[in-house]
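Subject: Structure for you to look at

Hello,

Here is the structure I said I would pass on. Please open it and keep it in view while you read the notes below.

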Amino acid sequence: MDFDINRKSAVLFDMDGVLYDSMPHHVEAWSRTFADFGMHMEPTQVYMNEGCTGSYTISKVSLEQRGHDATPQEIEEIYAHKAEIFKTMPEVKIMKGALELMANVRDSGCKILIVTGSGQKNLISRVLRDFDGFIVRERMVTAFDVKRGKPFPDPYLKGLELAGVDASQAVVVENAPLGIRAGVAAGIDTIAVNTGPLPDDVLLSEKPCALFHSICELADYWKRNFRKSL
Ligand code: MG
């Protein structure tokens, strides 16, 4: 481990693929959406792009496959379509170990924040319900709160501001390559948790300070290593 959790006072959690096992839903929703608009998106691409705002992803795919950017109106239409499909899918499950991790982090005295690129209003309101006692709306950064999403550092810088701490006092928990890039770009020690199908090397190439293979594994690590929780 290339960092010391005992020097930390705030934890900035990504949401999809960290707190919720929602990535398989996103894979299906994006794949169906792009097909309906005459484009396509492979599962690996969804995982590689994870963390970006919907409009960033739509622009990128449009440029790659049609040779031109999507208009603002198209972006809105395509993203609304994706959100509609997402809504019809079975409810996403809380990631195994996420509540335990939250409890361990809270017991260690750290502030808890959520920093997500998501603009799925239903999932955002669900977080407040599911993680009641750990999360408040004032400590959430979503797609609605920043102009530039991940992989830019902006969402995590906003998270630091909301937490009222310096980068050195915070730690980010991320599952996506571009999310790790955003955390590192904000100057924050970033823990990678590989909860998806990408090889570890893809995540490690973004220079996280540590890598775990499940949220349960990180929850155990936190409990064992944070002195205030012992
Ligand atoms: Mg994620």
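The notes below cover the metal site, the cores and one glutamate.

This is a predicted model, in which local features need pLDDT of at least 70 and side-chain atom pairs count only at pLDDT 80 or more, while totals for chains, interfaces and linings use all residues. Residues are numbered from 1 along each chain as its sequence is written, and side-chain values use heavy atoms, with hydrogens and water left out.

Metal site. Asp 14 (OD), Asp 16 (O), Glu 50 (OE) and Asn 175 (OD1) coordinate the magnesium ion at 2.0 to 2.2 Å. Donors are N, O and S atoms within 2.8 Å of the metal (3.2 Å for Na, K and Ca); water is not among the atoms, so sites may look incomplete. Along the chain, the donors have the spacing D-x1-D-x33-E-x124-N. Asp 14 and Asp 16 are both buried (under 20% relative accessible area; exposed is over 50%, partly exposed in between; 1.4 Å probe, protein chains only).

Cores. A nonpolar core is a set of buried Ala, Val, Leu, Ile, Met, Phe, Trp, Tyr and Cys residues joined through side-chain atoms within 4.5 Å. The largest one has 42 residues, and Phe 13, Leu 19, Phe 131, Ile 135, Ile 191 and Trp 222 touch the most other members. A second, separate core has 18 residues, including Met 23 and Leu 203.

Glu 217. This residue counts as partly exposed because its relative accessibility is 33%. The C-alpha atoms of Glu 217 and Asp 69 are 41 Å apart, with the two residues 148 residues apart along the chain.

Regards
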